[in-house]
Number of protein chains: 2
Amino acid sequence: MAEKKRVMLVVSYDGTAYNGWAFQKSTHNTIEEMLARAVHGLTGEDVEIIGASRTDAGVHAYGNIAVFDTCSTIPGDRFSYALNHILPEDICVVESREVYKDFHPRHCDTLKTYEYRVLNTKMPVPTRRFYTYHFSMPLDIEKMNEAAKLLEGEHDFTSFCNVESQALSHVRTIKEVSVKCHGDEVIISVTGNGFLYNMVRIIAGTLLQIGRGKGEPSDITAMLEKKDRSAAGPTAPAQGLFLIKYEFLDGIPDPSDT
Amino acid sequence: MAEKKRVMLVVSYDGTAYNGWAFQKSTHNTIEEMLARAVHGLTGEDVEIIGASRTDAGVHAYGNIAVFDTCSTIPGDRFSYALNHILPEDICVVESREVYKDFHPRHCDTLKTYEYRVLNTKMPVPTRRFYTYHFSMPLDIEKMNEAAKLLEGEHDFTSFCNVESQALSHVRTIKEVSVKCHGDEVIISVTGNGFLYNMVRIIAGTLLQIGRGKGEPSDITAMLEKKDRSAAGPTAPAQGLFLIKYEFLDGIPDPSDT
């Protein structure tokens, strides 16, 4: 056994088959539990996985972040290869590295980027049903972008947050919201320092309502002011949401830096 | 009951869960059987589905063609909506129409376009595992295109055909083969008047070998001349293959034209 070290993983997954990221007493079918089981299979240790973002059931990620402590002799940067031999095909550790012992992904200054992907075609496309939200009505992308700009900056996002949220404050800062066409998809991209429960899916549902002509971009201001979930649009379904990436604004110090 | 008519369907499907298109005695899990069951559910009739292309297990389609005869009073163009209410989410009839009574999708002059999609990234991407072939080695797209051009035209494609093929002739005409980058995907697009068993997957496997530096583009000429399956490259896996579309060169005459 080596000295205890903390290892960070960058995790890509297809959320279709899982009850979300976070460990739950009622089910063993979460990304967190799959990662813990894979580490156990590799090192024999029972580790606690600390995740950066607790994505919902059906939500996907290219770069969610997890850390855990291990006394294994496996070098930090080799964990990705070793874990990928054990993990199922719908979870892939794209990168791993040793980090300093107190590194906690939820206690760092970060920027997170989510994408909400809308398949804007008349008929559904079966091969994309788990990775897009099929929305057949025509969308006014310019109006959606006008509305998106009004969400940028620091706001109280109570209206854009699931009523079951237990966050002490609903103030968050969104750095950028953009709406772009990419082939037959409309992609709503949101970057910010933190997100509330269902926040990106409610932003997507609200922008889609405005895009199809129900309401005007300027309505966003009143929605924010009301601080009431019923003021904003519906929660868009989980399968269109991708957690794209985490940026650590102060970098990720190596263990030698501490 | 109305007079018997022939209805054509344009069918999009996710082939992941199926044992291919064609009816098989040993399994009920084929696209053809799902379509026949859906028509039965709608009209009570036991119909024979005539398919244009018998795609393999795991292969996807945006536009495969099926026809069947029915005495139902449902107008031809309404079948798509009615069938989509019965079909599972991984099969979608994107268009339906009445055609003349002798119309047979395999006895027409057609152009078929297939795409083979390669995910050319270092690490696999879980959300795309069923819809791309992950190939992590760098690819020389220019060399692949040089090789592709040598496959165009009329050739005996015995070297590019599964040895179990029962086709009487292995001569086919390929109108175009192109290799393009699209983001992190390399897309091999093949258009021709007809394809042999596994032909597009063997073309893809061969172009990938040349792209990674095993062999030269000019090798294609010798491969074709040998008329021996072992002369060409491996058969690329099913999940990267999409049947994109059928073009009927003489059009699709309406029933009133006959």
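A polar contact is a pair of N or O atoms within 3.5 Å; within protein, one atom must be able to donate a hydrogen and the other to accept it, and residues adjacent in sequence count only if both atoms are side-chain atoms. Between domain 1 of chain A and domain 2 of chain A, 10 residue pairs are in polar contact (both at pLDDT 80 or more). The model is predicted: local features need pLDDT of at least 70, side-chain atom pairs count only at pLDDT 80 or more, and totals for chains, interfaces and linings use all residues. Residues are numbered from 1 along each chain as its sequence is written, chains are lettered from A and ligands numbered from 1 in the order in which they are written, and side-chain values use heavy atoms, with hydrogens and water left out.

The two domains of chain A were examined in turn. Domain 1 spans 5-103 and domain 2 spans 110-244; such bounds come from an automatic or database domain assignment. The domain centres, taken over C-alpha atoms, are separated by 28 Å. In this chain, 13 residues of domain 1 are in contact with 13 residues of domain 2, where contact means heavy atoms within 4.5 Å. The two domains of chain A bury about 1,000 Å² between them, and carbon and sulfur atoms account for 55% of it. Buried area is the accessible area (1.4 Å probe) that two parts lose on being put together, summed over both.

One salt bridge is counted between domain 1 and domain 2 of chain A. A salt bridge is a side-chain nitrogen of Lys or Arg within 4 Å of a carboxyl oxygen of Asp or Glu. The side chains of Arg201(A) and Asp56(A) form such a bridge, at 3.0 Å from N to O. On the side of domain 1 of chain A that touches domain 2, four residues are nonpolar, seven polar and two charged. Here Ala, Val, Leu, Ile, Met, Phe, Trp, Tyr, Cys and Pro count as nonpolar, Asp, Glu, Lys and Arg as charged, and the others, Gly among them, as polar. Over all chains, the whole structure holds 18 salt bridges. The pair Arg201(A) and Asp56(A) links distant parts of the chain, 145 residues apart. Arg201(A) lies in helix α4 (residues 199-211), and Asp56(A) lies in the loop between β2 (50-51) and β3 (60-70). Helices (H or I, at least four residues) and strands (E, at least two) are DSSP runs, numbered from the N terminus.

The area buried between the chains is about 1,700 Å², with 63% from carbon and sulfur atoms. Met123(B), Pro126(B) and Thr127(B) supply 33% of the area that chain B buries against chain A, more than any other three residues. Two salt bridges cross this interface. Asp14(A) and Arg129(B) meet in a salt bridge through their side chains (2.9 Å, N to O). Two residue pairs are in polar contact across the interface of chain B and chain A (both at pLDDT 80 or more).
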